[in-house]
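I would ask you to keep the sequence and the coordinates in view while I go through the packing, the sheets and a few individual residues.

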Amino acid sequence: MIPELGQFALSLALIAAVVQSVLPMLGAARGNALWMQSAQASALAQFVLIAFAFGALMRSYVVSDFTVENVVNNSHSLKPMLYKIAGTWGNHEGSLLLWVFILAGFGAAVAFYGRNIPMALKARTLSVQAWISVGFISFMLFTSNPFTRVFPPPLDGNDLNPLLQDVGLAIHPPLLYVGYVGFSIVFSFAVAALIEGRVDPAWARWVRPWTLAAWTSLTAGIGLGSWWAYYELGWGGWWFWDPVENVSFMPWLVGTALLHSAIVTEKRDTFKSWTILLAILTFSLSLLGTFIVRSGLLTSVHAFAVDPERGIYILGLLILSIGGSLALFAWRAPSMEGGGLFAPVSREAGLLINNLLLTTATATVLFGTLYPLFLEAITGDKISVGPPFFNAGFIPIMMPLLLVMGVGPFMSWKRADLQGVLSRLKVALAAAVVTSLIVWYVTTGGPVLAIIMMGIGVWVLVASVQEWGRRVKLFQDGAWARIRRQPRASHGMTLAHIGVALLVLGATGSSAWKEDLVAFADPGAKIDIAGFELTFESVERQRGPNYIADVATLSVTRDGEFVTTLYPERRFYPTAGSTTTESSIRQTLAGDLYASIAEPAAEGAKSDWLLRVLYEPLVNFLWIGTMFLVLGGSLSLTDRRLRVGAPRKSKSKAAPIGATPAE
Amino acid sequence: MKRLLFALPLVVAMIIGGFAIWGLSGGRDPSSLPSEFISKPVPQIDLAAIEGVERPGLSTADINDMDGIKLLNFFASWCGPCRAEHPNLTRLGQEEGVTLIGINYKDKPEAAAKWLEELGNPYVALGSDYSGRGGIELGISGVPETFIIDADGIIRHRFAGPVVGDGLRRFLEALDEVRQ
């Protein structure tokens with residue numbers, strides 16, 4: 001009964017979305033306030049209905065209702081409760097339901113919180129948002145119904161992939177989706193502005209908090225996914241340039257560009273059509289991601305079960321939404337420029353460089369991701385593009401970007417004094433050079449690029465901290481008061497920039513100076529790595545809730561002194577018939593000592609076990625850096641200026657004397 | 001001119017869309033890997049040895065001269081899954097009575113040599129395919145990929161992805177089929 005109600009709610013939500021996609025838009029065109037205001041009610045209704053449907057599906061998972069085909073295929077009665085719940089979105093249909101749930105959630109949030117947005121703009125935005133809803137809800141109802149029943153019901157389910165039974169992965173899709181789908185509202189704002197034909201600083205101010213919320217969430221989602229790959233897949237890598245990773249990374253890159261260009265639109269009333277374009281592209285790339293993951297267009301280790309019919313439907317939606325919005329852009333945007341002029345050396349120019357580099361980086365990733373498809377269409381060859389391409393294409397674009405990142409926040413709007421800025425950055429420059437030299441000395445000739453990147457990481461770090469210290473006059477009286485008075489968004493910027501610096505250090509350290517050993521071993525064997533000595537003590541068989549585990553004990557010493565004991569596991573899931581690796585990691589800031597154990601080789605092999613031991617220097621800076629990014633984004637979100645609905649202070653009060661307006 | 005510039009994103013999007021339409025039509029399925037080489041002899045390849053690795057290079061003639069079943073494995077030092085499947089391939093080479101030969105795909109010789117030194121070198125012969133030409137000849141979609149070649153030098157099976165876990169089971173089934 002409840003699954004039927006869920007499906008019924010979903011159908012009603014489609015109707016609400018259809019109404020919302022037409023009525024407010026017409027109302028805005030004709031100046032009919034009642035029609036415009038209907039968007040509020042329909043957005044809310046749509047959200048409540050989809051929430052009900054989502055709850056209904058989740059309930060089916062929680063009570064293990066094996067009359068629902070989706071539950072049969074993706075759950076099992078013996079599974080821990082957390083993973084039963086996570087099973088709701090761990091499959092194509094359920095994740096799509098989560099997708100539209102979040103979509104409707106953002107629509108409802110704008111309807112509810114966006115009180116200060118002009119009525120016509122709000123009505124149009126919500127209508128555009130509903131167009132997307134109509135597309136995806138109908139897609140679900142026609143091709144991927146999560147509530148399909150199965151008769152006769154089987155006794156038990158077919159389990160979720162045990163590889164996916166992990167806390168990180170359980171919350172990874174929701175976060176990623178809030179990010180992905182969150183950009184939909186920014187897209188809707190952009191399309192609404194194009195229809196209206198007007199973009200002004202106020203528009204940028206309304207759009208920024210939504211961009212920031214989506215970006216923060218996407219950052220957390222990508223970080224979690226990477227963390228999952230690192231410790232669950234058991235290969236010790238955290239980024240593989242796989243198509244599915246790339247499609248989540250591209251919206252992040254363009255979204256980052258959008259965050260920065262929206263500042264210029266807000267403060268200086270320029271970069272308008274560019275900001276609009278970025279808003280459209282960010283969501284377009286999110287849609288492209290959804291399409292690639294679900295259509296089977298490209299091969300990937302992460303893909304959902306693929307179905308060409310679904311692919312065609314999503315492609316149709318993509319052509320309508322992306323093609324339509326870009327056509328609208330080509331038609332309306334040329335008449336929108338204007339606004340403040342700026343000198344070649346100014347904060348605007350710095351942000352322009354930031355934008356150009358970020359979009360170039362995105363284009364590189366996009367090209368590399370789609371190149372196998374292009375090539376296959378033209379020559380018929382099937383190839384894959386590996387990390388060498390992306391590293392060669394991506395890193396050279398990041399280097400100037402990071403250099404500019406150190407300088408940018410020091411520059412003033414309109415016209416900056418480059419010499420003055422550079423003289424203030426002497427300390428950062430010295431720190432960077434010294435770091436490079438130390439790294440070069442200590443590692444006795446690692447890759448040159450890595451040595452330079454370590455320097456660049458320190459450059460960004462010191463420059464960001466220095467800029468913050470100068471802004472709040474850290475070493476003078478009343479610093480604390482100044483810190484409190486500064487807009488939170490400006491502290492957010494510093495945190496996020498520090499986050500990027502830490503990411504650079506972590507990424508460089510863990511890829512350039514990683515040590516890696518694989519050994520056939522029996523209990524009693526000793527392994528040396530990165531100054532540690534590991535002794536393979538024993539292996540024991542243990543029983544988990546729905547798996548059987550072989551747990552190895554490895555004691556670790558350094559210079560004869562006990563350091564820690566590692567317990568890597570190999571788990572076998574009888575119902576799914578598959579095994580997973582649970583690595584054991586000793587985490588320190590200096591680096592991770594990482595051990596995993598592989599299934600026993602068959603009789604006659606040299607040894608009974610295969611041990612893999614890794615040392616990844618600085619790898620934790622990746623996660624710490626991600627946390628700084630998320631923290632920075634969240635702090636900026638609480639900024640009074642960005643809080644939707646908060647009364648605006650007048651400009652003279654908001655900027656304390658002597659402080660640079662900072663983002 | 002300015003208008004043209006503003007239409008550029010649309011044009012690019014439409015071109016990508018066109019490729020996507022092509023990609024979805026005509027029953028193309030990138031995850032199924034039909035190989036036109038199944039039941040055919042190994043295409044002409046002639047790859048030099050990897051510099052710094054003490055194994056002969058690999059050519060079609062070499063493969064045809066080898067007795068019994070051959071496993072031709074494409075791998076690269078930059079490929080995580082290759083590392084994962086390496087011990088299994090090593091074991092197959094030692095215990096299953098098959099000849100393991102390898103092609104090092106788009107990889108620097110130094111990196112490959114270091115990788116093999118670290119993990120062990122179970123391959124009887126190894127070709128260096130830095131240009132990717134050999135990969136194109138055999139129509140691989142990425143690494144790792146492993147071909148099963150029977151005693152007569154005919155390609156019998158193409159396996160994409162790492163030979164680990166469930167993949168190992170499927171690979172062994174395919175190998176048994178070729179043996180019969």
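I begin in chain B, where B:Leu71 has B:Leu100 of strand 4 as its bridge partner. Please bear in mind throughout that this is a predicted model.

How many of the residues of strand 3 of chain B are buried? The strand covers residues 70-75, and six of its six residues are buried. The burial concerns both faces of strand 3 of chain B. On one side are B:Lys70, B:Leu72 and B:Phe74, and on the other B:Leu71, B:Asn73 and B:Phe75.

For chain B as a whole, buried residues amount to 42% of its 180 residues. The chain contains six helices and seven strands, and from the N terminus the elements follow the order α-β-β-α-β-α-β-α-β-α-β-β-α. Among contacts in chain B with a separation of 6 or more, 73% come from residues 24 or more positions apart. The C-alpha trace of chain B spans about 65 × 40 × 30 Å along its principal axes.

I turn now to helix packing in chain A, with helix 6, residues 119-143, as the point of reference. Helix 2 of chain A, residues 33-62, has an axis that comes within 9 Å of that of helix 6, and the two cross at roughly 45°. An angle of that value makes helix 2 of chain A oblique to helix 6 of chain A. The crossing of these two helices is left-handed. From helix 2 of chain A, the contact involves A:Ala33, A:Met36, A:Ala39, A:Ala43 and A:Gln46. Their counterparts in helix 6 of chain A include A:Met119, A:Lys122, A:Leu126 and A:Ser133. By class, the residues of this contact between helix 2 and helix 6 of chain A are eight nonpolar, three polar and one charged.

Helix 1 of chain A, residues 2-30, also packs against helix 6 of chain A, at an angle of about 150° and with the axes 7 Å apart. Helix 1 and helix 6 of chain A are therefore roughly antiparallel. Their crossing, too, is left-handed. The residues of the contact between helix 1 and helix 6 of chain A comprise 17 nonpolar, seven polar and one charged.

A further pair in chain A is helix 9 with helix 12, whose axes come within 9 Å and cross at roughly 160°. That angle makes helix 9 of chain A roughly antiparallel to helix 12 of chain A. Helix 9 of chain A passes helix 12 of chain A in a left-handed crossing. In the contact of helix 9 with helix 12 of chain A there are 14 nonpolar, nine polar and two charged residues.

Next, some backbone geometry. Most residues other than glycine have a negative phi. A:Phe271 is not a glycine, yet has a positive phi of about 60°. A:Phe271 sits in the loop between helix 9 and helix 10 of chain A. With 26 other C-beta atoms within 10 Å, A:Phe271 is buried. A:Leu618 likewise has a positive phi, near 60°, and lies in the loop between strand 10 and helix 19 of chain A. A:Leu618 is buried, with 24 other C-beta atoms within 10 Å.

Finally, a sheet in chain A. Four strands form an open sheet in the order 1-10-9-8, with antiparallel pairing. Which strands are at the edges? They are strand 1, residues 515-521, and strand 8, residues 584-587, of chain A, each pairing on one side only. The twist from one strand to the next averages 15°. Strand 8 of chain A is joined by four bridges to strand 9 of chain A, residues 591-598. Opposite A:Arg586 stands A:Leu593 of strand 9 of chain A.

How values were computed: Residues numbered from 1 in each chain as written. Chains lettered and ligands numbered in written order. Predicted model: local features only at pLDDT ≥ 70, side-chain atom pairs only at ≥ 80, totals over all residues. Axes fitted to C-alpha atoms, helices over the stretch in contact; angles between N-to-C directions. Parallel < 35°, antiparallel > 145°, perpendicular 65-115°, else oblique. Left-handed = near helix turned anticlockwise from the far one by under 90°. Contact = placed C-beta atoms within 7 Å. Nonpolar A, V, L, I, M, F, W, Y, C, P; charged D, E, K, R; others polar. Buried ≥ 20, exposed ≤ 12 C-beta atoms within 10 Å, placed from the backbone. Pairing = 2+ DSSP bridges.
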